[in-house]
Amino acid sequence: MSFSIEHFEQLALSAPLLETLKELGYEAPSPIQAATIPSMLEGYDVLGQAQTGTGKTAAFALPILERLNLSNREPQALVLTPTRELAIQVAEAFQGYARHIPGFHVLPIYGGQSMSLQLRHLRRGMHVVVGTPGRVMDHLRRETLSLAALRTVVLDEADEMLRMGFIDDVDWILEQTPAEKQVALFSATMPEPIRRVAHRHLQDPREVKIETRTATVATVRQRYCQVGSQHKLDALTRVLEVEDADAILIFVRTKIAATELAERLEARGYPSAALHGDMTQALREKTIEQLRGGNLDIVVATDVAARGLDVQRISHVINYDIPYDTEAYIHRIGRTGRAGRAGDAILFIAPRELRLLRAIEKATRQPIERMPLPTPEAITGHRLAQFKQQIGEVFNTQDLGFFQELIAEVEREQEMNAHDIAAALTYLAQRERPFQFEDAIPKDAEKERERPPGRPVREGRIRGERSSRDSARDSADFDKIRYRIDVGREHGATPQNIMGAIANEAGIEGRYIGRIEIHDDYSTVDLPDGMPLEIFQHLKRVRVRQQMLNIRRFDGVEPERRRPGRPKVERLSGNREQPVERKPMRRRPAQPSVDS
Ligand code: AMP
C-alpha cells in the first residue's frame with residue numbers, strides 16, 4: 001500500500017482515541033485517513049476525493065474530536081450530509097469514536113424529525129452538529145443554531161449534495177459561518193460546481209486523492225457477489241460450499257473481524273484461522289505454515305498481516321470486506337494466482353459500494369463478472385454429487401471386507417435388504433450436516449435495491465436494512481396524488497433539486513416520488529396517497545431555490561386562470577379535506593427511518 005503512515009500511533013492522536021481504535025480493531029489508518037488526519041490536525045483545509053467505504057468518516061471525525069474544547073457546548077464542528085441516513089450514520093460514528101471522551105455530545109438534525117426535539121437537544125448544548133442542508137438552514141434562519149464557536153465545517157459527499165440540488169444551500173450555510181475556520185470537503189467526484197464551492201470557501205487546501213494505479217492481474221479470474229451486510233456470512237458459506245478451492249484467503253478490515261469470522265466459520269464446520277497484526281510473529285508464522293502445508297485451508301486476514309504472503313496453494317481470495325482502494329484490492333488478489341497458476345478472486349459488495357467496483361475495474365483494466373449467489377438447490381446438488389463421488393472413491397480405495405460382513409449380518413438379523421440399509425446409513429451420514437441446504441438468505445435477496453435516484457442507500461448497520469420483500473416493489477406500485485409546489489423554472493428549479501428536497505426533507509424514497517413537471521412559476525409532483533399530516537406540514541415550509549414549497553393538492557387549474565369565487569379546497573386524498581392523522585403512507589413499512 002502506498003501510505004507511509006502505518007500505525008495510528010504515528011498520527012498524534014491522544015490516548016482516548018487510540019484506545020478506541022484499538023478496541024474497534026482498526027489495524028492501520030486507511031489511505032484517506034493517513035493523508036487527511038495530519039492535515040486536519042494542523043488546521044489545514046482539506047479537499048478530499050474519496051468515496052464511501054474508504055474510511056473518510058473517521059478521517060474527519062478523529063481530528064475534530066481531537067481538537068474539541070469539551071467545556072464549550074456551542075457547536076464547534078458542523079458536518080453537512082446529503083441525506084438523513086448519512087447524517088445519522090455520521091453522528092453515530094462520532095459517538096462511537098468518542099466512546100472514551102466523556103461529556104461529548106453530537107446531534108444529527110434532519111428534515112422530517114420533530115423540530116421541538118431538535119430544539120431541546122440544541123438548547124442543552126452540542127459539540128458537533130451533523131445535518132442535512134435544508135434543516136440546518138431552517139435552524140439558522142430561526143436562530144436556533146449558533147455557529148459563532150464553529151471551528152470546522154465538513155461537507156460530506158459534496159457531489160451527492162450537488163446532485164440533489166443542495167449546493168446553493170451549502171453555499172449559503174458556509175456564508176453564515178465564521179471567517180476563521182477550517183473546511184474539509186469530501187466528494188467522490190470533483191465536478192466543476194464542487195470545485196467552485198471549494199475555491200470560494202477553502203483556503204489553500206491540502207488536496208487528498210486516493211491514487212488508483214493501474215495494474216493487471218491476468219491469471220486471476222475476478223468475480224463479485226452483490227450481498228447486503230446482514231447476509232454476508234451466509235453468502236460466504238454458500239460460496240465455500242460450491243467453489244472448487246484448494247486454500248482460501250479471506251480479507252476483512254479489522255483484527256476483531258478476522259478473529260470473529262474465523263470463529264464463526266469454525267462453528268459452521270469450516271476449520272479456519274485468523275491472521276492479523278496483534279498475533280505474535282511465531283503464531284503468524286505457524287498459521288502460514290499450516291496453510292502452506294495443507295493442514296489448514298481457510299485463513300481470515302487483515303491487509304497488513306497478509307502483506308507479502310506467498311503461499312502457492314491459495315486458489316481463492318475472498319474480499320469479504322471491500323478494500324479501501326483499488327491498490328489494496330490489487331494487492332489482495334495478488335495473493336492468489338501465484339507462480340503462474342490460475343486463481344480466483346471473489347468480492348462481496350453491498351449495493352452502495354458499486355462505485356468502488358467500477359473504479360477497480362478501471363484500475364485493473366479487467367471486467368469483474370457478476371457472480372450470482374449460489375442457490376440452496378445448487379448447494380444441495382453439489383453436496384449430493386460430492387457424496388456420490390465419495391462413495392465411489394471409498395469403494396475403490398478402501399478395504400471394505402469387515403464392513404461388508406457387518407452389512408450381511410444386519411441383512412440377516414434385521415431382515416432388511418442392502419438397499420434399505422444403505423438408505424439408513426446415508427441418513428446417519430448426513431445427520432450432522434444435512435444434504436438439504438438452508439440458510440437465512442431470502443430468495444430474492446439479490447434484488448436488493450441499487451441506488452435509487454436522489455437517495456443513496458447506506459448499509460443497514462445503523463438503521464434496519466430493507467427487507468427483500470419490499471424491495472421487489474417498483475415505483476409504479478403506489479397510488480399517487482398530484483401536488484403543486486410554488487417553485488418553478490423562473491426560480492431556477494430543476495427536477496433534481498425538487499426531488500432532492502422532497503426525498504430528504506420528507507424522508508420519502510426517491511422511487512416514491514413520481515413525475516415532476518416544471519412550469520414557469522410553479523411545478524407539480526406526484527407523491528404517494530395518504531401522506532401523514534406532519535410530513536405534509538413540514539413539506540409546506542421546505543424551500544427549493546429559496547422558495548417555500550407551500551405544497552398543496554394540484555387541482556389542474558393554474559391560479560391565475562381560476563374562476564372567481566371557486567372554493568379552494570386542499571385535499572390530500574379521496575374526499576378528505578385535511579390530511580389524516582398519521583396514517584402510514586404506502587411506503588416500505590420495514591424501514592424505520594422513513595417513518596421516524
Ligand atoms: P466510511 O468510508 O467512513 O463509510 O467507512 C467505511 C467502514 O470502514 C466503516 O465501517 C468503518 O468502521 C471502517 N473503517 C474506517 N477506518 C478503518 C480502519 N482504519 N480500519 C478498519 N476499518 C475502518
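Predicted model: local features only at pLDDT ≥ 70, side-chain atom pairs only at ≥ 80, totals over all residues.
Start with helix α14, where the buried residues are Leu354, Leu356, Leu357, Ala359, Ile360, Glu361, Ala363 and Thr364. Buried here means under 20% relative accessible area, with exposed being over 50% and partly exposed in between (1.4 Å probe, protein chains only). Helices (H or I, at least four residues) and strands (E, at least two) are DSSP runs, numbered from the N terminus. Since 8 of the 11 residues of α14 (residues 354-364) are buried, this helix is largely enclosed by the rest of the structure. The cover over its buried residues includes β8, α13 (326-333) and β13, where contact means heavy atoms within 4.5 Å.

Residues are numbered from 1 along each chain as its sequence is written, and side-chain values use heavy atoms, with hydrogens and water left out.

Now step back to the whole protein. It has 21 helices and 20 strands, and buried residues make up 54% of its 596 residues. Take the contacts with a separation of 6 or more: 76% of them are between residues 24 or more positions apart. The accessible surface comes to about 27,200 Å², and carbon and sulfur atoms hold 49% of that. Accessible areas come from the Shrake-Rupley method with a 1.4 Å probe; for residues, only the protein chains shown count as cover.

Another mostly covered helix is α3, with 10 of its 11 residues buried. Among them are Phe60, Leu62, Ile64 and Leu65, along with Lys56.

Next, the charged pairs. Side chains of opposite charge can pair when their charged atoms come close. A salt bridge is counted when a side-chain nitrogen of Lys or Arg is within 4 Å of a carboxyl oxygen of Asp or Glu, and by this rule there are 30 salt bridges. In one of them, the side chains of Arg99 and Glu23 meet at 2.7 Å, N to O. Arg99 sits in the loop between α4 (84-97) and β3 (106-109) and Glu23 in helix α1 (residues 15-24), so this pair ties together parts that are 76 residues apart in sequence. Arg99 counts as partly exposed at 44% relative accessibility, and Glu23 counts as partly exposed at 31%.

Asp344 is in strand β13 (residues 343-349) and Arg223 in strand β8 (residues 220-226), so the pair links parts that are 121 residues apart in sequence. Both Asp344 and Arg223 are buried. Arg489 lies in the loop between β15 (480-485) and α19 (495-506), and Asp520 in the loop between β16 (516-518) and β17 (523-528), so the pair ties together parts 31 residues apart in sequence. Asp520 counts as partly exposed, at 46% relative accessibility.

Strand β17 also holds Thr524, which is buried with a relative accessible area of 2%. Leaving aside neighbours within four places in sequence, Thr524 is in contact with several residues, including Arg482, Tyr483, Ile516 and Phe554. The C-alpha atoms of Thr524 and Phe554 are 7.2 Å apart, although 30 residues separate the two along the chain.

Finally, look at the surface. Patches are made of residues with over 30% relative accessible area and no salt bridge: like charges are joined within 9 Å, nonpolar side chains (Val, Leu, Ile, Met, Phe, Trp, Tyr) within 5 Å. Phe402, Phe403 and Leu406 form a nonpolar patch with about 340 Å² of accessible area together. Phe402 belongs to helix α16 (residues 401-414) and counts as exposed, at 61% relative accessibility. Arg73, Arg120, Arg123 and Arg124 form a positive patch. Lys and Arg count as positive and Asp and Glu as negative, while His and the chain ends are not counted; the place of a charge is taken as NZ of Lys, CZ of Arg, CG of Asp or CD of Glu. Arg73 lies in the loop between α3 (56-66) and β2 (77-80), and counts as partly exposed at 36% relative accessibility.
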